[in-house]
Structure formats: structure tokens, C-alpha cells
Amino acid sequence: MDGITMGGGAGLCMQAPFRIATEKTMFAMPETKIGYCPDVGASAFLARLDGELGTYLALTSEIISGREVYELGLATHFVPSTSLPALLRALQALEEPSWEAVDATIEGFYIAPEELGVGGDFEGQVNKEQAEGVPPSERYARTQGGQPQTQAPGQSSVLALPTGPHSGAVRAAIDRAFSRPSVAGILHELSHLAEHGLALPSASNAEAEKEQVKKWAGRVMGVLGMRSPTSLVVSLEAQRRGREAVRGWPASGLLRMELGIATASVFPRSLYRRKPILLAWVKSRSVPDYDE
């Protein structure tokens, strides 16, 4: 996932047991930007993310970059891009490429954020003295159900905790707003957050966290205001159905649902004598080189 990983590319990657992010990774499902909704299995793989992250990414088309792709559970490992050639050679040299062997090989190329020169004293990293008494399972970024990700930091003196722009109070705000049962409810909660903010109970600087959430909520309201209302409603429903289905419904069922959404979006039965609504909406957004 070294670079742009969006749309269909994301759909291909998310089915793999090993997904390696680098500092160059840019992940998104940008379909709502063109009046459509996330497909290629997104109703399953986004629904599996922790809390309401999947719903948030599906509706906003937000781009997740660099190490945060790993922190949010979209990637299973994080490796600097300069190490990829050596990693590929190491994988090719494996005589018995079992899951355990591949996993251990990738983890051998882990480099802590501060060693990459990201932000100097990387927020969220603690030293060995601070780490004493913390169980190993707490030294991972978290994923669905509190299960740790595959990769553990290679250095015992470093805890790899989520530190990206969607962590902390913003992460809590995502769950609060995007857990609402309707798009109108989401917008209402975002409006409340934009006015009042949100701070974690353990916050050392509550006012700063509230201001951060206020800015985030105001920006997201503006983003959703630029999206097709129909696209938002359909995307939300697809995510809700996907969440119910991932525990027992085979992936083929969700893919059939997404195929049905695609067909209905382009050729709605009730408007079969008119222009397809997707193309009409794209044209209304003045997309360059649009050709009926």
C-alpha cells in the first residue's frame, strides 16, 4: 500500500491477510465525492473497523495517510518505504512461507515513528520506565473488539499507540456522531459538537481538546454538505447492513448487494426514460471532460 490506495485498489488490498502501509500511503474510499457509494467489498471491510470509523470513512471519503492507516486497522503492518526492496527480497528467500514466517519477516522491518524522523519526540511514545507493568497486548494499536493488530514494535522500550489526527477526543467524536441512525441525525450531532466540542474524561487540557473537536466537526459538516444526499443515505444503509452481515453473511452476499446498488444508481427503474441520476449529478458538479 505504498502510495495512493483508493477505491478499487483499496478493495483489492483489504482482502489480503498482510497489508503493509508506509509513510507514503494515502487510503480512501472516495465514491461519495461522485455521488456514488463505497463498493468493492467496502460494506464488509469498512464495517469491520473499530467503532464508527468505517461509517465515517464511507460517508466523508476522508483520506487516511501514513502510519495512521496502520493505527486505524486498515493495514496490518507499517514499514518505511525505503525498506520495501529489502523486505521483498527477504520474503522471496523464505523456504517455507507460512503465515507465521511471513508475519515475522515483515515485523523484522518495523521502525518506530521517531526513528523515521516523524515529528521529533513522537506523541504517544513512552520510554521503558513508563512501559513497566503494561501488558504486551496494550502495546499495540487497537482494532475491532479490542484485539491487537498483528505487529508488535520491535523495540521493547517503545509503545506504538495511536497518535494520528483521528485519535483522542476526535476519535470519540467520530463514534458519537456517526453512530446516529440517520444522516440527519449525524449532521445534528456534528452541529452540536461544532458548537460545544468534546473532551475525554482523562484530558489534561480539556479546552484544547474541545477546540480541536469543534474545528473537526465544522469541517466534516462542510464536507458532508458537498456530497449527494442520496449517496450519503445509501452509503449509511450499506454500512449498517454490512455490520449486521459480517458475522454470518458470506462476502458474496454483500458483493451482490453492492452490485444491486451500482445498478440502481446508474439505471434507476423509476427514471429509466431519463438521464441516469449518477451521471446527472456528476455533471452538476462540473467534472472536467464530462461527456454524456
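## Burial around one serine

Ser 235 is buried, because its relative accessible area is 1%, and this residue is found in helix H11, which covers residues 229-245. A polar atom of the Ser 235 side chain lies 2.8 Å from the backbone oxygen of Ser 231. When neighbours within four places in sequence are left aside, Ser 235 is in contact with Thr 32, Tyr 36, Cys 37, Pro 38 and Leu 59.

## The chain as a whole

In this predicted model, the protein chain contains 13 helices and five strands. Of its 292 residues, 44% are buried. Among contacts between residues at least 6 apart in sequence, 66% join residues that are at least 24 apart.

Helix H8 (residues 168-178) packs against helix H10 (residues 206-225) at an angle of about 45°, and their axes are 9 Å apart. The two helices are therefore oblique to each other, and the crossing of H8 and H10 is right-handed. On the H8 side the contact involves Ala 169, Val 170, Ala 173, Ile 174 and Phe 178, which meet Glu 209, Gln 212, Val 213, Trp 216, Val 220 and Leu 224 in H10. Sorted by class, the contact of H8 with H10 has nine nonpolar residues, one polar and one charged.

H8 also packs against helix H9 (residues 183-196), in this case at an angle of about 140° and with the axes 8 Å apart; H8 and H9 are therefore oblique to each other. Ala 173, Arg 176, Ala 177 and Phe 178 of H8 make this contact with Ile 186, Glu 189, Leu 190 and Leu 193 of H9. The residues in the contact of H8 with H9 divide into six nonpolar, no polar and two charged.

## The pairing of H9 with H10

H9 and H10 pack at an angle of about 145°, with their axes 7 Å apart, and the crossing of these two helices is left-handed. From H9, the contact is made by Ile 186, Leu 187, Leu 190, Ser 191, Leu 193, Ala 194, Glu 195 and His 196, and from H10 by Lys 210, Val 213, Lys 214, Trp 216, Ala 217, Gly 218, Val 220, Met 221 and Leu 224. By class, the contact of H9 with H10 has 11 nonpolar, three polar and three charged residues.

## Thr 60 and its surroundings

Thr 60 has its place in helix H3 and is buried, since its relative accessible area is 3%. Not counting residues up to four places away in sequence, Thr 60 touches Thr 32, Phe 178, Val 220, Val 223, Leu 224 and Arg 227. Among these partners, Phe 178 is also one of the H8 residues that meet H10, while Val 220 and Leu 224 are among the H10 residues in the contact with H9.

Thr 60 and Gly 225 are 165 residues apart in sequence, and their C-alpha atoms are 9.8 Å apart in space.

## Two loop residues with positive phi

Ser 61 lies in the loop between helix H3 (53-60) and strand S4 (64-65). Although Ser 61 is not a glycine, it has a positive phi of about 65°, and with a relative accessible area of 2% this residue is buried.

Val 40 is found in the loop between strand S3 (26-28) and helix H2 (42-45). Val 40 likewise has a positive phi, of about 45°, although it is not a glycine. How accessible is Val 40? At 33% relative accessibility, Val 40 counts as partly exposed.

## Thr 5 in strand S1

Thr 5 has its place in strand S1, which covers residues 4-6, and counts as buried because its relative accessibility is 4%. With neighbours within four places in sequence left aside, Thr 5 is in contact with Ala 10, Cys 13, Thr 25, Met 26, Phe 27 and Ala 28.

Notes:
Residues numbered from 1 in each chain as written. Predicted model: local features only at pLDDT ≥ 70, side-chain atom pairs only at ≥ 80, totals over all residues. Heavy atoms only, no water. Axes fitted to C-alpha atoms, helices over the stretch in contact; angles between N-to-C directions. Helix = DSSP H or I, 4+ residues; strand = E, 2+ residues; numbered from the N terminus. Parallel < 35°, antiparallel > 145°, perpendicular 65-115°, else oblique. Left-handed = near helix turned anticlockwise from the far one by under 90°. Contact = heavy atoms within 4.5 Å. Nonpolar A, V, L, I, M, F, W, Y, C, P; charged D, E, K, R; others polar. Buried < 20%, exposed > 50% of the residue type's maximum accessible area, 1.4 Å probe, protein only. Polar contact = N/O pair within 3.5 Å; in protein donor to acceptor, adjacent residues only side chain to side chain.
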